[in-house]
Amino acid sequence: MNSTCDPLPAQALRAEADDAVFERAYVEGLLRDRESLWHALFAQSRDGVVVLDENGKVYETNQRFADLLGYTMDEMYQLHVWDWAHGPSPEELRAMIREIGDDGHHFETQQVRKDGSLVDIELSNSRTFFRGQKLIFCICRDITARKAAERRIRYLATTDTLTGASNRGEFSRRLAEEIARAHQHGTPLGLVMFDLDHFKRINDGYGHDVGDTVLRGVTGVVRENVRLGDVIGRWGGEEFMLLLPKSDLAITLAVAERLRASIEARHFEPVERVTASFGVVVLAQGEGFDALVKRADVALYRAKSAGRNRVETVSGD
């Protein structure tokens, strides 16, 4: 009886062994398929993908990211993150890498291409571990076109298209901000309202194209004579505003007088002479937006009533 039963365990063992070999081969094949799929997705991603080791060196990347930065794949494997990150120092980037956790970060930044130009990037990163090594997985999406469109939309929304000055809405926003800042820090704030004298005569006598040229030219004169942080706005028609942060009455009066003289001295072909009248005020203690603008308007009216081509002021006391 034993002789007829002895082969059965051996057959069962061989079957189990065959099953184990088959299962192992199946799992290995599945892993290879998944690895192939992963590499295909990695390589064909429309976004740039780069994997960094914990020292910031490129561990793996795809062709899209290399193309984005203008490097060859061979060159990419010689780089560290600070070779393309715009702004942070290598020490700061190393600290950022140490702080990245499983949740990672998502933010907009700029990266430096091989030729030195900048590209706008939407970056997502996260930490992972592979074969006992900490890696940082980064997805980099080129948003240069989107950012350019956003800047264009903002420009159109905030800028007077004829002169390039801030439009009334944007100037009002900036003025409100500077009023709040001046009150908070106790710093002076100058405001100038001015308009071109007898501008209707220019439009009627030379045409609106010449009038537009004069408005653009006057805006250029103002830009030549003010600081980078000063804000010029077109308030309406031929009327302009000039915001002078941290400027007291003496400084604001001096700026207005310089502008008055510069506009009068400038020749705007074919117009023989262009002049402007100026109302100057500085922010009083506790004064708000409407009261400040009203005083500037009163000062401008005073300049025009006194004969035009002059600077006048109205006290806020």
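This briefing covers the sheets, helix packing, aromatic pairs and salt bridges of one structure. The model is predicted. Another open sheet has 5 strands in the order 7-8-6-9-10, and its pairing is mixed. The structure holds 25 salt bridges. The count of aromatic pairs comes to 4.

- Strand 1 (residues 48–53) pairs with strand 2 in the antiparallel sense, over 3 bridges. In this pairing, Leu 52 stands opposite Val 58 of strand 2.

- The order here is 7-8-6-9-10. Strand 7 (231–236) and strand 10 (311–313) are the edge strands, and each pairs on one side only.
- Neighbouring strands of this sheet are turned by 25° against each other on average, direction ignored.
- Strand 6 and strand 8 (residues 239–245) pair in the antiparallel sense over 7 bridges. Val 192 faces Leu 242, a residue of strand 8 that stands opposite.
- Helix 7 (residues 168–185) lies across strand 6, strand 7 and strand 8. Its direction is about 130° to strand 7.
- Helix 11 (residues 289–305) lies across strands 6, 7, 8, 9 and 10, running at about 145° to strand 9.

**Aromatic contacts**

- The aromatic pairs number 4. In one of them, the ring centres of Phe 65 and Trp 84 are 5.4 Å apart and the planes stand at 80°; planes over 60 degrees apart count as edge-to-face, so this pair is edge-to-face.
- The pair links distant parts of the chain, 19 residues apart. Phe 65 lies in helix 3 (residues 63–69), and Trp 84 in the loop between helix 4 (73–76) and helix 5 (90–99).
- Phe 65 has 0% relative accessibility and counts as buried. Trp 84 is buried too, with a relative accessible area of 3%.
- Phe 194 and Phe 278 have ring centres 4.9 Å apart and planes at 20°, so they are stacked. Phe 194 lies in strand 6 (residues 189–196) and Phe 278 in strand 9 (residues 276–282), so the pair ties together parts 84 residues apart in sequence.
- Phe 194 and Phe 278 are both buried. Together with Phe 240, they form one aromatic cluster.
- The charged end of Arg 168 sits over the ring of Trp 235, 3.9 Å from the ring centre.

**Salt bridges**

- Glu 170 and Arg 173 form a salt bridge, with the closest N and O atoms 2.7 Å apart. Both lie in helix 7, 3 residues apart, about one turn of the helix.
- Glu 170 is buried at 9% relative accessible area, whereas Arg 173 is partly exposed at 36%.
- Lys 200 and Asp 204 meet in a salt bridge of 2.6 Å, N to O. They are 4 residues apart in helix 8 (residues 199–206), so about one helical turn separates them.
- Glu 264 forms a salt bridge with Arg 273, the closest N and O atoms being 2.6 Å apart. Glu 264 is partly exposed at 28%, and Arg 273 is exposed at 52%.
- Through shared partners, salt bridges join Glu 108, Glu 122, Arg 146, Lys 147 and Glu 150 into one network.

Definitions and conventions. Residues are numbered from 1 along each chain as its sequence is written. This is a predicted model: local features need pLDDT of at least 70, side-chain atom pairs count only at pLDDT 80 or more; totals for chains, interfaces and linings use all residues. Side-chain values use heavy atoms; hydrogens and water are left out. Two strands pair if DSSP finds at least two bridges between them. Helices (H or I, at least four residues) and strands (E, at least two) are DSSP runs, numbered from the N terminus. Rings of Phe, Tyr and Trp (its six-membered ring) pair if their centres lie within 6.5 Å; planes under 30 degrees apart count as stacked, over 60 as edge-to-face and the rest as tilted. Buried means under 20% relative accessible area, exposed over 50%, partly exposed in between (1.4 Å probe, protein chains only). A charge sits over a ring if NZ of Lys or CZ of Arg is within 6 Å of the ring centre and within 35 degrees of the ring normal. Axes are lines fitted to C-alpha atoms, for helices over the stretch in contact, and angles run from 0 to 180 degrees between N-to-C directions. Contact means heavy atoms within 4.5 Å. A salt bridge is a side-chain nitrogen of Lys or Arg within 4 Å of a carboxyl oxygen of Asp or Glu.
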